[in-house]
Amino acid sequence: MPTRPKARGKKIHVELPESTHRKLRVKAALEDISIQGFVADLIARSVSNVVITGEQPASTAQPDAVAEPSAQYAVDLFGRSKPAIAVQRRTSIRSRTAERDALHERYSAALVVNPDLSRSLVSFQSNKTTPFYRWFKFKEAFSHEFVRHILHRFPCGETGAGRILDPFAGAGTTLTTATKEGWHATGIELLPVGTAAMKARLLADTVDPAAFEHELKRIAKLGLRKRAGATYRFRHLRITASAFAPDTEDAISAFMQFHEGIAEPDVRYLFWFAALSVLEDVSYTRKDGQYLRWDSRSERVLRSNFSKGPIPDFRTALLSKLRLMQADIAQRNGGTFSNNVDIINGSCLEQLPALQDASFDLMLTSPPYCNRYDYTRTYALELAFMGYGEKDVTNLRQQLLSATVENKTKREVLSALFRECGREAEYRDCESAFDSQRALQEVLEILREARDARELNNTNIPGMVEHYFFEMNLVIKQLSRVLAPGGRVVMVNDNVQYHGEEVPVDLILSDFAASAGLTVESIWVLSKGKGNSSQQMGAHGRRELRKCVYVWYKPSKQAG
Ligand SMILES: C[S@@+](CC[C@H](N)C(=O)[O-])C[C@H]1O[C@@H](n2cnc3c(N)ncnc32)[C@H](O)[C@@H]1O
């Protein structure tokens with residue numbers, strides 16, 4: 001039973017269990033709702049161990065003050081003081097949903113639960129044990145089985161295989177699965193960690209197994225300990241400092257020295273990639289949603305007692321990864337990855353306008369979700385290892401599709417780019433489709449009002465949502481142009497919720513697709529959606545957010 005908060009004089013105490021304490025410590029820094037929602041959520045989950053103190057003027061003190069806060073609270077979470085935040089009842093901002101309801105109505109026939117699709121199929125889950133795909137844990141990937149499922153569902157022409165594009169290629173699951181099935185695959189990806197994973201999988205086709213084994217035997221004889229005169233030093237980013245124990249840094253340094261001496265370039269690359277792939281395992285961090293989560297054994301000053309469990313030493317982890325890679329390479333008889341794959345390093349916002357009309361038969365992709373997930377943070381260790389400095393990371397984050405509160409508008413840059421490549425009219429079409437998407441404007445208006453009433457704990461949320469949809473709209477317009485008539489776009493994405501307002505990403509993006517000349521064939525809903533965040537749940541009740549796969553079709557003859 002949750003303990004009710006006790007108002008003792010001016011202090012209110014709520015007790016939480018240790019596990020909740022840990023979760024909320026991270027989430028408290030991230031969520032987008034007012035402290036009101038946060039405290040309500042704490043109460044809903046309260047048990048023991050953490051004390052939250054709230055102060056309110058004696059005149060308004062009441063036993064239920066935390067459940068229905070109407071005054072000022074100074075919430076001291078886990079020892080971290082925050083300035084007092086004015087908490088008002090939400091009287092001014094009334095949720096209105098008429099436009100979203102109308103949009104739902106418009107697409108209700110397309111919205112169908114697809115029992116063939118499960119969350120594990122549409123996630124990295126099964127790749128964890130699949131040869132080649134298991135080399136690097138790219139948690140945001142979908143599974144190769146999902147790709148195969150879609151390829152078989154939408155075969156192309158007489159052979160069943162045509163030209164496929166993934167504009168947000170990630171670690172390249174679409175590309176390498178499709179090429180094995182005879183497709184010509186093109187991928188666009190901006191995050192170097194993703195392109196490195198693709199390159200490694202492609203090299204697996206051609207690398208000389210004997211040369212690989214030779215180097216593996218050589219490194220297995222080494223202790224990988226600190227060497228006199230070692231020149232390599234792991235160049236940390238601010239957010240990765242102290243991620244490794246000193247012995248681990250020494251071992252990485254010794255490895256880099258060894259790696260420079262590998263004569264065969266493909267083997268050298270794969271060894272380097274093996275090292276990159278074990279960085280998280282041998283560190284005090286764990287990729288966790290929007291951030292790196294820190295183990296209490298690190299030197300960083302932390303207030304949590306999080307333990308990620310046993311941390312292998314670098315040498316053990318590396319050798320085990322290399323042996324796994326060797327085993328996969330030894331059984332590469334199931335067709336090749338590399339025959340027909342083109343990888344474009346760059347932003348699809350900039351690269352798509354350069355592609356020819358009607359040059360693809362199918363698109364299968366999963367863009368970043370509008371969920372504040374920051375790839376440059378979760379992959380910070382790998383980026384640092386790749387030589388990215390602070391400025392490089394900031395630039396990369398800004399170039400990625402806007403999905404974090406740090407992203408600034410790209411409108412000026414994109415407008416100039418579209419003008420330069422003679423696509424000004426398409427850009428203007430997108431602007432007007434964006435401005436006239438009423439459900440989106442409804443959400444944006446509510447979020448801006450909430451921001452102005454200081455009810456959002458991050459004032460950039462309305463901007464992030466706006467940039468996300470503006471950019472996705474441009475992408476969709478280009479996808480429609482480069483898709484051949486009779487072709488399809490298949491896209492995986494999640495709906496999100498901010499300030500208790502559901503953002504129907506599936507419907508809004510589908511409506512953009514319709515504006516761009518595509519037919520919204522289906523919006524397949526996964527039977528089990530994604531729960532909303534703990535705070536949102538506390539403040540706004542449990543509401544399932546749809547996780548969907550959209551299928552948009554390009555009619556053979558475009559209307560009009
Ligand atoms: C959900 S992941 C895709 C995962 C992929 N389906 C797979 O199986 O590996 C989204 C990807 O979009 C990439 N991305 C974000 N902004 C981009 C942009 N402007 N251009 C190209 N790729 C981008 C991210 O780096 C990330 O790898």
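Predicted model: local features only at pLDDT ≥ 70, side-chain atom pairs only at ≥ 80, totals over all residues.

Me: What is the angle between α3 and α17, and why is the pair called roughly antiparallel?

Reply: Helix α3 covers residues 98-106 and helix α17 covers residues 438-452, and they pack at an angle of about 150 degrees. Angles over 145 degrees count as roughly antiparallel, so α3 is roughly antiparallel to α17. Their axes are 8 Å apart.

Me: Which residues make the contact, and how do they divide by class?

Reply: On the α3 side they are E99, R100 and L103, and on the α17 side R438, A439 and E442. By class, the contact of α3 with α17 has four charged residues, two nonpolar and no polar.

Me: How do you know whether V496 is buried or exposed?

Reply: Count its surroundings. V496 has 23 other C-beta atoms within 10 Å, and the cut-off for buried is 20 or more, so V496 is buried.

Me: Where is V496, and which residues is it in contact with, leaving aside its neighbours within four places in sequence?

Reply: V496 sits in strand β15, residues 496-498. Its contacts beyond those neighbours are Y369, C370, N371, V503, V505 and L545. Take Y369: it is 127 residues from V496 along the chain, yet their C-alpha atoms are separated by 8.2 Å.

Me: What makes helix α19 largely enclosed by the rest of the structure?

Reply: Helix α19 runs over residues 505-515, and nine of its eleven residues are buried, so the helix is largely enclosed. Among the buried ones are V505, L507, I508 and F512. After α19 comes G517, whose phi is positive, near 95 degrees.

Me: And the ligand: how many residues surround it, and how do they divide?

Reply: The ligand is surrounded by 22 residues, and the closest are A141, F168, G170, T173 and L191. By class, 15 of the shell are nonpolar, five polar and two charged. Strand β9 (184-189) and helix α11 (348-351) each supply at least two residues of that shell.

Me: How many helices and strands does the chain have, and what share of its residues is buried?

Reply: There are 20 helices and 18 strands, and 44% of the 560 residues count as buried.

Conventions
Residues numbered from 1 in each chain as written. Near = placed C-beta within 6 Å. Nonpolar A, V, L, I, M, F, W, Y, C, P; charged D, E, K, R; others polar. Axes fitted to C-alpha atoms, helices over the stretch in contact; angles between N-to-C directions. Parallel < 35°, antiparallel > 145°, perpendicular 65-115°, else oblique. Contact = placed C-beta atoms within 7 Å. Buried ≥ 20, exposed ≤ 12 C-beta atoms within 10 Å, placed from the backbone.
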